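User: I'd like a close look at one part of this model, with the side-chain pairs elsewhere brought in as you go. Could you walk me through it in one go?

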Amino acid sequence: MKTTNDSIERSGFKFHYSIEGSGQPVLIIGSRLYYQRLFAPALREKLQLVFIDHRGFTPPPYEVSDPEELYGLDKILEDTEAIRKQLGIGKCWVAGHSGHGLMALEYAKRYDHDVYGVMLISTSP
């Protein structure tokens with residue numbers, strides 16, 4: 001099974017990603033290293049799992065006095081969309097675990113024309 005590990009630079013941040021498996025793509029928002037270990041190997045036989053880091057998992061390009069300037073939800077959603085496009089991923093599923101599930105849900109609401117559906121994993125109601 002082919003695995004691609006690389007990074008994309010955007011706004012001074014270096015976003016690492018891993019792509020594993022084949023089939024319909026699933027964009028998994030959160031920690032590339034952590035979530036990559038949690039998804040069952042059998043899923044990679046039917047789905048293309050795209051694990052991406054968000055701004056909280058990469059060093060900031062500079063110091064700021066207002067974290068919202070760099071780490072607000074809008075920025076994370078814009079990064080996620082830019083990464084999806086740069087990777088050449090068309091319409092996809094989006095997934096998130098716990099708090100990242102809320103990010104996935106907001107991403108799907110904002111970019112609904114490019115999302116089949118959302119997979120929320122252990123996310124609070």
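Analyst: Let's start with a cut-off: a residue counts as buried when its relative accessible area is under 20%. Keep in mind that this is a predicted model. With that cut-off, take strand 3, residues 24–29: five of its six residues are buried, so the strand is largely enclosed by the rest of the structure.

What does strand 3 pair with? Strand 4 (residues 47–52) runs parallel to strand 3, and six bridges join the two. Strand 5, residues 92–97, is parallel to strand 3 as well, here with three bridges.

Now for S18, which sits in strand 2 (residues 13–21). S18 has 0% relative accessibility, so it counts as buried. Leaving out residues up to four places away in sequence, S18 touches T4, N5, R32, Q36, L49, V50 and F51. As for N5, its side chain and that of S18 are joined by a polar contact of 2.2 Å.

Next, the charges. Side chains of opposite charge can pair when their charged atoms come close. How many salt bridges does the structure hold? There are eight. One of them is between the side chains of R110 and D74, at 2.6 Å from N to O. R110 belongs to helix 4 (residues 99–110) and D74 to helix 3 (residues 73–86), so this pair ties together parts that are 36 residues apart in sequence. R110 is partly exposed at 37% relative accessibility, and D74 is partly exposed too, at 45%.

Last, the rings. A pair of aromatic rings is described by the distance of the centres and the angle of the planes. The whole structure has six aromatic pairs. For W93 and Y116, the ring centres are 5.9 Å apart and the planes are at 40°, so the pair is tilted. W93 lies in strand 5 and Y116 in strand 6 (residues 115–121), so the pair ties together parts 23 residues apart in sequence. That brings us back to strand 5, which pairs with strand 3. W93 is partly exposed at 26%, and Y116 is partly exposed at 42%. Y107 and Y111 are tilted too, with planes at 40° and centres 4.9 Å apart. Here Y107 is buried at 0% relative accessible area, and Y111 is buried at 14%. Ring pairs also link F13, F15 and Y71 into a cluster.

Terms used
Residues are numbered from 1 along each chain as its sequence is written. This is a predicted model: local features need pLDDT of at least 70, side-chain atom pairs count only at pLDDT 80 or more; totals for chains, interfaces and linings use all residues. Side-chain values use heavy atoms; hydrogens and water are left out. Buried means under 20% relative accessible area, exposed over 50%, partly exposed in between (1.4 Å probe, protein chains only). Helices (H or I, at least four residues) and strands (E, at least two) are DSSP runs, numbered from the N terminus. Two strands pair if DSSP finds at least two bridges between them. A polar contact is a pair of N or O atoms within 3.5 Å; within protein, one must be able to donate a hydrogen and the other to accept it, and residues adjacent in sequence count only if both atoms are side-chain atoms. Contact means heavy atoms within 4.5 Å. A salt bridge is a side-chain nitrogen of Lys or Arg within 4 Å of a carboxyl oxygen of Asp or Glu. Rings of Phe, Tyr and Trp (its six-membered ring) pair if their centres lie within 6.5 Å; planes under 30 degrees apart count as stacked, over 60 as edge-to-face and the rest as tilted.
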